[in-house]
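Q: I have a structure open and would like to go through it piece by piece. Can you take my questions as they come?
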Amino acid sequence: MRRAAVFAGLVVLAWAAWDTGADPVRLARGIPWILDFLRRTVPPDLSVLPAALAGALKTVEIALLGTAIAAGLALPLGFLTARNVAPAPVFQPARVVLNFFRSIDTLVYALVFVAAVGLGPFPGVLAVIAYTTTSLAKLYSEAIEGIEPGPVDAVTATGATRLQVLRYGVLPQVLPLFLSYVLYRLETNIRAATVLGFVGAGGIGFYLQTYLRMIDYRAASTVLLVTIAMVMIIDALSSKLRARLV
């Protein structure tokens, strides 16, 4: 059975490589173009650095505001979609709705909100909220389903109400995980928000797209370097916070 599974896996991978046109020869032919593109990005055009830094700040604001609001909105959804705390009539419909909206990517949400409220960072914030709420709710529910039943039983034995059981028996066990998930989503939202500018949702992606369309590769390389530095700084700060909180 193991050999059959390995063989089936190799067949599937081979078919996927063929169907997607994965050709190492084509990649080798494209290497000179890649090298030429990199040559045109050097040296970076530092005259656009102020605009790139302003775009980076806007990107951080989009991700920070969207993640903070989504973390609060996802809290009740996490309890409603946890199998061990939500009533069965509530759990199943809530999980189906959550999975439906979670299957939609942030970029698609951004396209919808740009059409609804116009260009700028606001639709970016709404897109981050929409996707992150469902994503965090899924992580919250899995953390709740993995709690130890002992503290819950102890609080229940005192005659506590369902809300008090959740407050004193469940929440203290999962709160460190919740904080870790929020920080992780903040990291990923920083990366996601850099792309939202490509569809008019503000942030540093707007400048990157603009310079690439203008074939100003030196300016685009400056924006790209600022993006890399921004992501690295946020990742480092988030890792330190997680180490302290969890």
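Q: Which residues do the ring pairs link into a cluster?
A: Ring pairs link Trp33, Phe37 and Tyr217. Rings of Phe, Tyr and Trp (its six-membered ring) pair if their centres lie within 6.5 Å; planes under 30 degrees apart count as stacked, over 60 as edge-to-face and the rest as tilted.

Q: Before going on, what kind of model is this?
A: This is a predicted model, in which local features need pLDDT of at least 70 and side-chain atom pairs count only at pLDDT 80 or more, while totals for chains, interfaces and linings use all residues. Residues are numbered from 1 along each chain as its sequence is written, and side-chain values use heavy atoms, with hydrogens and water left out.

Q: How many aromatic pairs turn up in the whole structure?
A: A search finds six aromatic pairs. One of them is Phe37 with Tyr217, an edge-to-face pair with 4.8 Å centre to centre and 70° between the planes.

Q: Where do those two sit in the chain?
A: Phe37 is in helix α2 (residues 24–40) and Tyr217 is in helix α10 (residues 217–245), so the pair links distant parts of the chain, 180 residues apart. Helices (H or I, at least four residues) and strands (E, at least two) are DSSP runs, numbered from the N terminus.

Q: Phe37: buried, exposed or partly exposed?
A: Phe37 counts as partly exposed because its relative accessibility is 26%. Buried means under 20% relative accessible area, exposed over 50%, and partly exposed in between (1.4 Å probe, protein chains only). Tyr217, with a relative accessible area of 15%, is buried.

Q: Why is the pair of Tyr109 and Phe113 stacked?
A: The ring centres of Tyr109 and Phe113 are 6.5 Å apart and the planes are at 20°, so the pair is stacked. Both residues lie in helix α5 (residues 106–117), four residues apart, which is about one turn of the helix. Tyr109 is buried at 9% relative accessible area, whereas Phe113 is partly exposed at 22%.

Q: Switching topic. How many helices and strands are there?
A: The protein has ten helices and zero strands.

Q: What is the radius of gyration, next to that of a compact globule?
A: The protein has 23 Å, but a compact globule of 246 residues would have a radius of gyration near 18 Å. The radius is taken over C-alpha atoms, and the globule rule is 2.2 Å times the number of residues to the power 0.38. Along its principal axes, the C-alpha trace spans about 70 × 55 × 40 Å.

Q: How many of the residues count as buried, in percent?
A: Of the 246 residues, 37% count as buried.

Q: OK, where is Ala63?
A: Ala63 is in helix α3, and Ala63 is buried, with a relative accessible area of 0%.

Q: What is Ala63 in contact with, leaving aside neighbours within four places in sequence?
A: Ala63 is in contact with Val128, Leu186, Asn189 and Ile190, leaving aside those neighbours. Contact means heavy atoms within 4.5 Å.

Q: What about Ser141, buried or exposed?
A: Ser141 is buried, with a relative accessible area of 0%. Ser141 is found in helix α6 (residues 121–145). Its contacts, apart from neighbours within four places in sequence, are Gly78, Thr81, Ala82 and Arg95.

Q: Now the backbone. Which form, cis or trans, does the peptide bond from Val42 to Pro43 take?
A: That bond is cis, with omega near -5°. Pro43 is found in the loop between α2 and α3 (49–80).

Q: Last one: what is the phi of Ile215?
A: Ile215 has a positive phi of about 55°, although Ile215 is not a glycine. Ile215 lies in the loop between α9 (204–213) and α10, and Ile215 is exposed, with a relative accessible area of 55%.
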